Amino acid sequence: MKGRIFSVVGSMLLLTVCSKGNQSSAAPAAPPTAAPTNEPAAPAASSAAGGTISGKIKFTGTAPKNPTIDMSEEAACKSKYTTTPTEENVVAGPANALANVFVYVKSGVPAGQKFTPPTTPVVINQSGCRYHPHVFGIMVGQPFEIDNSDPVLHNIKAIAKANRPFNVSQPTAGMKTTRPPFTAPEVMVNLECNVHGWMHAYLGVRPDPFYAVSKEDGSFTISGLPPGTYTIEAWHEKFGTQTATVTIAGTETKTANFTFAAH
Amino acid sequence: MTSVAHAQPHAHGGGDAHHAPMSFWRKYIFSTDHKIIGIQFLFVSLFFLLVGGILAMQIRWQLGFPAKPMPGGGLLPETMVSDGHILPEYYVQLVSMHGTFMVFFAIMPLLVGVYANFLIPLKIGAHDMAFPRINMWSFWAALLAGLIMTASFFVPNGPIRSGWTNYVPLAARPDLSGVTVGQMLWCISIVVLGLSSVMGSLNYITTIINHRAPGMTWFRMPLSVWALFITAILGVLALPVLQGAAIMLLFDNVLGTHFFDPAAGGQALLWQHLFWFFGHPEVYILILPAMGMVSDIIANGSRKPIFGYHSMVFAIIGIAFLGWIVWGHHMFMSGMNPTLGSTFMVSTLLIAVPSAVKVFNWMGTMWRGNLRFHVPMMNAIGFVSMFTIGGLSGIYMAATPVDIPLHDTQFIVAHIHYVLFGGSLFALFAAMTYWYPKMFGKMMSERLGKVHFWLTFVFYNMTFFPMHIIGMGGQMRRIYDPTIYNFLKPQQPLNEFISYSAFALFAVQFLFAFNFLWSLKFGKKAPQNPWDDNGLEWSLPNPAPHGNWEKVPNVYRGPYEFSAPEAGDKDYLPQYTKLPTDRDPVPAPVPAGH
Amino acid sequence: MRWWLPDAGSTFAGPIDGLFTAILIITGIALVLVEVGLVTFVIRYRGRPGRKAFYTHGSTRAEVIWTAIPAVTMVALGLISNHYWVLIKDKKSVPPNAYRLGVHAKQFEWQVTYPGPDEKLGTSDDFTVRNQLHVIVNQPTAVELTSEDVIHSFFVPEWRLKQDAVPGMQITAWFEATKTGEFELGCAELCGMGHYRMRARVFVHTPDEYKAWVAQQAAGGTE
């Protein structure tokens, strides 16, 4: 980890929770430039000003080609794409920027400290037989909503260890299911659809609001951190994890860049 | 000791025969009286019959109108019904629990729990069961099992999603089925129920062997008792196999064993062998008592001795024996060695023989009779005609090549319902009406009973007969929405027709429920022998007192001496009536405690 | 609305439908015998005052007759059935020239592996297509059925073919399609909440069509 120090007023990051509103724009993503258009629900809990960690995530080497998805037996999904859709295992931006990396504070937050989860739900939408978003975070105790925008059956199987696994289905378009909140931190909970074997999503469950998912340009920001020394972990579904240590002294912004090796 | 005419009741030291007045709790709740236990089973299993029926209605809604929201669906939690639409996982739970409730908690306890308990001592001339307390525990265990099973609706992720047959690895792997607690509760409930069944069965067997009245030889026993005796033997041998399998399944789910998980060295087909090794005898547990009681009722209604009594007994034994070597016919498509399939096909086809013998003997009984069409008789004739269809449709699936297109389609659904509804349930309507006066001292309404029979008969056939057709068309079992298949779409009007018929069939059952409950209070008081029958039970007042007889009557003849020449102007001759030519049987030694 | 088995689409349909018809006739006769008998008896022997039933305990002769007739019929039916059963399901009955495909079932899809241009399974030019089964008309075809997770059942009604796919086992099921066109493959064994959705399209091609399709797939194109 190489950190450069900037001094910026820590600001609260408010991200829109995407649901119905931008489904249409979410659907026809043509790889490899596809980006998760639904951004993760913001950790809106911490309102106190604090330190910020931001950075860029890159990878070295050549990104593996995402496998194409044969949607020929799912006409309703296929029609949402203009080009052949692919999986989203490695979503790379310009200059080897790496999107869909889950960055979170692994340790350093005082154990006794409690954070109130937001009451706005985190929404995952199934559209075009893919998950939107593909990687996202949620707080323990925060509502979780699953939407289906496809007129086909999806089942949502959550493979979890610390939390109770579940497996529910949505046979028709327009269905919304609100799940009971997750009860324990877990990185990551895997979501999959067994009707469409290519559908995978990854969900980081955290007890605090200090997490982010890298955007298409590889950038991420975690803000509102109280002073302290933190271990930051970056998780990618194909490239594994990397950690860094960051010390926050006040309302400052520190940088944590990660570089994964493509394989 | 010769008993004399003026002997006071207390002169005969029957421990169970005479009792001081008991508290309500001892008399009706923690009762050891076989009749009260039978009645307890009756109410509990009728409740579960209703539960099973409600589940069936939801299944029919989904199959008839797959895209439409179910009326009243909003009352159910979002994990089952979303915006009024039944969810696929709830649909699978519906079919699984409908089967489970109907087989284990409705039909089986109705036939065995109710009528083995109620009839055996009364019909063989015993004061009570051999082990009255075990009998009480048997009821409470069954109730506990039913409550555990019901509880699985209220746990996270709900009840089982793998069919009442719980095929593995689906049932053994929570990650694949999505069921966690529900699966454990199913296993535990079945183990408890098996315990109840084994306790009951041992009791029935012991009672029949040891506690028959003087003169009640084996071949003077009514066919109902014969059938219940053989059923009890099946129960005591079959249920433990299921219990064992259920415990293995429980271990797979909870302790991480891999009996049934091929990914870890287990065997997927092992469960099917164990389950059906129990399951096929179970099918006969669900039909033999019905056959026995129908035999009694048809002889009574025909006013004729049962035709071919001995061959009827041997047919029961034959069915029970063959029932042990046919389980593989549930597995013709499972990948089991085809040569094994050939063997099971032959044994399965052979089971048609004793079944046919029984049908022909019932017809022989009616032949040249003087038929009385009381409600039990009508339902018994309904049983014969419907069981015949169920039996014959079994031949299609027994013939292995024909089974290939029909296996696991609605055709098998039609078949099991012709046997379990057309067979067992019609027999139960007959039996409930027939022995109602003995249970409650009142008669059920004859007119309502007849209306119920005819409406049930018509709607029943409208519901289940078309299932043969949609099964031939290829509609698979347990699918949530047939209309996604092009080859099933044209059949959808028939599916709708079946659903409408099923709703009507369900509605009509409330006539029976009303008749049953209304007659408890307002029914006509029953005469002592309302059906002019020969059985020992009719020598007692209605309802029979605790302990049954002061002194057990002597038995002078078989149970079916209707229209016997020596009966004079009556057309029946009870087993306990002593004619001048009859000699008293040598009294059997009184067993200890009686 | 169809009141009969689906249209015949394979060589199995002939014998199976024939046997079905034979059983229909046998059981039809038995059914008519019993139901007409019951109705006749109900009318003819309905109770009338002053009449007494005929007192009899049965007839050994009748018992022998109605034991023997069903027994002989059933044994005969068993023998005939077994002949076709062996022909359809026995391992030794798979024609040696059968075209082999791999069918892997998983919750909730069918993955069909084709041998590719070299017509051999297990080589590098194999390719797998989800939920599409392409076969050649009048060509014996053997599918190697496997399962990823739970028990599924391979069912094509027009072919009169059903075979469970069991995890931990590899089961060969063969058939010879006789009609070109598009059909459906469904799962006939409850395999979870998505059971009903486990549907694949089946295409029966002429040999030329099939070759063209394989070539197109090998080139990486879909449709």
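Colleague: How many residues of chain B are in contact with how many of chain C?

Modeller: In this predicted model, 87 residues of chain B are in contact with 78 residues of chain C. Helix H12 (residues 352-366) of chain B gives the largest share of chain B's side, nine residues.

Colleague: What is the make-up of the side of chain B that touches chain C, by class?

Modeller: That side divides into 54 nonpolar, 23 polar and 10 charged residues.

Colleague: And where chain C touches chain A, how many residues does each chain give?

Modeller: The contact takes 14 residues from chain C and nine residues from chain A. On the side of chain C, three are nonpolar, five polar and six charged.

Colleague: Why are H15(B) and H16(B) called roughly antiparallel?

Modeller: The axes of helix H15 (residues 410-440) and helix H16 (residues 446-472) of chain B cross at roughly 165°. Angles over 145 degrees count as roughly antiparallel, and therefore H15(B) and H16(B) are placed in that class. Their axes come within 7 Å, and the crossing is left-handed.

Colleague: Which residues meet between H15(B) and H16(B)?

Modeller: From H15(B), they include B:Phe411, B:Ile412, B:His417, B:Tyr418 and B:Phe421. From H16(B), B:Tyr460, B:Phe464, B:Met467 and B:His468 are among them. By class, the contact has 11 nonpolar, seven polar and no charged residues.

Colleague: What makes E3 and E8 of chain C edge strands?

Modeller: Strand E3 (127-130) and strand E8 (171-175) each pair on one side only. They belong to an open sheet of five strands in the order E3-E2-E1-E5-E8, with mixed pairing. The twist of this sheet averages 25° from one strand to the next.

Colleague: How do you know that E1 and E5 of chain C pair, and in what sense?

Modeller: Two strands pair if there are at least two bridges between them. Strand E1 (residues 99-106) and strand E5 (residues 141-147) of chain C have seven bridges, so by that cut-off they pair, and the sense is parallel. One place to look is C:Ala105, which stands opposite C:Ser147 in E5(C).

Colleague: Why is C:Asn131 called buried?

Modeller: The cut-off for buried is 20 or more other C-beta atoms within 10 Å. C:Asn131 has 20, so it counts as buried. C:Asn131 lies in the loop between E3 and strand E4 (132-136) of chain C. Its phi is positive, about 55°, although it is not a glycine.

Colleague: Is B:Arg368 buried, exposed or partly exposed, and why?

Modeller: B:Arg368 has 15 other C-beta atoms within 10 Å. Buried needs 20 or more and exposed needs 12 or fewer, so B:Arg368 falls in between and is partly exposed. B:Arg368 is in the loop between H12 and helix H13 (375-398) of chain B, and phi of B:Arg368 is near 60°, a positive value in a residue other than glycine.

Colleague: What is the omega of the peptide bond from A:His132 to A:Pro133, and is the bond cis or trans?

Modeller: Omega is near 0°, and the bond is cis. A:Pro133 sits in the loop between strand E5 (130-132) and strand E6 (135-139) of chain A.

Colleague: And the peptide bond from B:Asn542 to B:Pro543, cis or trans?

Modeller: That bond is cis, with omega near -15°. B:Pro543 lies in the segment after strand E4 (524-525) of chain B.

Technical notes. Residues numbered from 1 in each chain as written. Chains lettered and ligands numbered in written order. Predicted model: local features only at pLDDT ≥ 70, side-chain atom pairs only at ≥ 80, totals over all residues. Contact = placed C-beta atoms within 7 Å. Helix = DSSP H or I, 4+ residues; strand = E, 2+ residues; numbered from the N terminus. Nonpolar A, V, L, I, M, F, W, Y, C, P; charged D, E, K, R; others polar. Axes fitted to C-alpha atoms, helices over the stretch in contact; angles between N-to-C directions. Parallel < 35°, antiparallel > 145°, perpendicular 65-115°, else oblique. Left-handed = near helix turned anticlockwise from the far one by under 90°.
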